[in-house]
Amino acid sequence: RVVIANNGERDSIKPLDLKYLVGEEPKNPEEAGVLAEWDGATWRIVERKQFTDVTGPGGIYGAPDDQSPLWSIGWDRRSVILKLLDGGGWHTFRLPKATHTYDPRHGWYTEWPRIREVQPDTLMMDMHGMFYNFPRGFCRAQTGGLRPIASHLRYIPDFCHWDGRLILAADDTSIMANPMAGQSQSNLWFGRLADLAGFGPRSGWGGPWWKDPVKAGEPSDPYLMTGYDKKRMELAHDAAEAVEFAIEADIDHAQWMPYQTFVVPAGRTMIHEFPEGFQAHWLRATVSRACKATVQLTYE
């Protein structure tokens with residue numbers, strides 16, 4: 001299996017005279033970039049969204065064995081996307097965005113989110129302006145341990161560890177279409193993993209649904225909750241009658257427990273503040289009737 005990621009699309013979605021091995025021109029602004037796989041004979045699109053890194057527990061050295069999971073990171077208008085290939089199937093998890101700087105559909109500004117080793121047996125993910133502790137054993141049976149470290153306001157094309165230190169590549173200033181920059185500046189930052197906690201606040205926003213058509217009783221993708229102190233959730237829908245939003249929390253490694261059911265009247269938006277100190281790995285939602293639903297969260 002060969003897996004590829006593409007992080008962008010032309011600014012225009014007008015058809016051009018191109019030959020596609022699989023799929024076709026984007027049908028709408030939601031279709032930009034791709035995550036695709038090839039089995040030696042046939043290409044298949046996993047998801048028509050913007051994706052960047054494809055890696056696994058072995059990093060640049062390759063998979064330790066054929067049963068190892070594979071991870072890819074991307075995004076859409078709702079949130080950051082973490083795709084997991086495990087046991088031959090793909091699974092979707094969602095995480096907050098710490099900035100919208102990287103959102104444009106052309107993908108130029110991503111420069112280049114990755115999952116890398118930052119200490120022996122310690123992985124870190126950098127995606128949409130947020131550093132995360134990333135568990136090397138992340139798989140379908142073990143989804144805990146993914147936690148935010150800090151946000152940041154810089155391009156970090158790559159990072160690694162050397163001689164006991166963490167090294168961040170930098171692409172901080174470019175004179176390309178930037179008349180305020182006197183000269184381009186790209187260099188290396190040397191420090192310690194612990195230094196990252198002082199970069200920026202652990203804050204972010206996003207969710208599993210944003211005005212999306214959903215079916216009654218069908219759970220959303222899991223959305224990350226852990227590692228943030230204050231949590232606020234917005235619920236909305238377009239149904240002509242009240243809709244029940246059943247919220248579940250994964251408190252102990254893929255063990256979903258009911259949190260609370262919220263009845264949202266037609267034409268209303270409901271805001272819920274989670275209790276201070278409430279922690280769970282992931283959150284997911286279901287609705288009582290088919291509708292276009294929104295579940296978005298703000299963390300700090």
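The protein chain contains zero helices and 22 strands, where helices (H or I, at least four residues) and strands (E, at least two) are DSSP runs numbered from the N terminus. Its radius of gyration is 20 Å, close to the 19 Å that the globule rule gives for 300 residues, so the chain is as compact as a globular protein of that length. The radius is taken over C-alpha atoms, and the globule rule is 2.2 Å times the number of residues to the power 0.38. This is a predicted model, in which local features need pLDDT of at least 70 and side-chain atom pairs count only at pLDDT 80 or more, while totals for chains, interfaces and linings use all residues. Residues are numbered from 1 along each chain as its sequence is written, and side-chain values use heavy atoms, with hydrogens and water left out.

Along the principal axes, the C-alpha atoms of the protein chain fill a box of roughly 55 × 50 × 50 Å. Of the 300 residues, 48% are buried; buried means under 20% relative accessible area, exposed over 50%, and partly exposed in between (1.4 Å probe, protein chains only). Among contacts (heavy atoms within 4.5 Å) with a separation of 6 or more, 63% are between residues 24 or more positions apart.

One part of the fold to look at is an open sheet of three strands, with the order β1-β2-β3 and antiparallel pairing. Strands β1 (2–6) and β3 (43–47) stand at the edges, each with a single partner strand, so one side of each has no neighbour in the sheet. On average, neighbouring strands of this sheet are turned by 25° against each other, direction ignored. Axes here are lines fitted to C-alpha atoms, for helices over the stretch in contact, and angles run from 0 to 180 degrees between N-to-C directions.

Pairing requires that DSSP finds at least two bridges between two strands. Five bridges join β1 to β2, and Asn6 has Val34 in β2 as its bridge partner. Four bridges join β2 (residues 34–38) to β3. Here Leu35 has Glu47 as its bridge partner, and Glu37 stands opposite Arg44. The hairpin of β2 and β3 has four residues between the strands, and in it Gly40 takes a positive phi near 100°. Four of the five residues of β2 are buried, so this strand is largely enclosed by the rest of the structure.

Lys83 lies in β6 (residues 80–86) and Thr92 in β7 (residues 89–95). Leaving aside neighbours within four places in sequence, the contacts of Lys83 include Leu35, Val46 and Glu47, as well as Trp71, Trp90 and Thr92.

The side chains of Thr92 and Lys83 make a polar contact (2.6 Å). A polar contact is a pair of N or O atoms within 3.5 Å; within protein, one must be able to donate a hydrogen and the other to accept it, and residues adjacent in sequence count only if both atoms are side-chain atoms. Lys83 counts as buried because its relative accessibility is 6%. Thr92 counts as buried at 17%. The C-alpha atoms of Thr92 and Trp112, 20 residues apart along the chain, are separated by 21 Å.

Last, the cysteines. The whole structure has zero disulfides, a disulfide being a pair of cysteine sulfur atoms within 2.5 Å. Cys139 counts as buried at 18% relative accessibility, whereas Cys160 counts as partly exposed at 36%.
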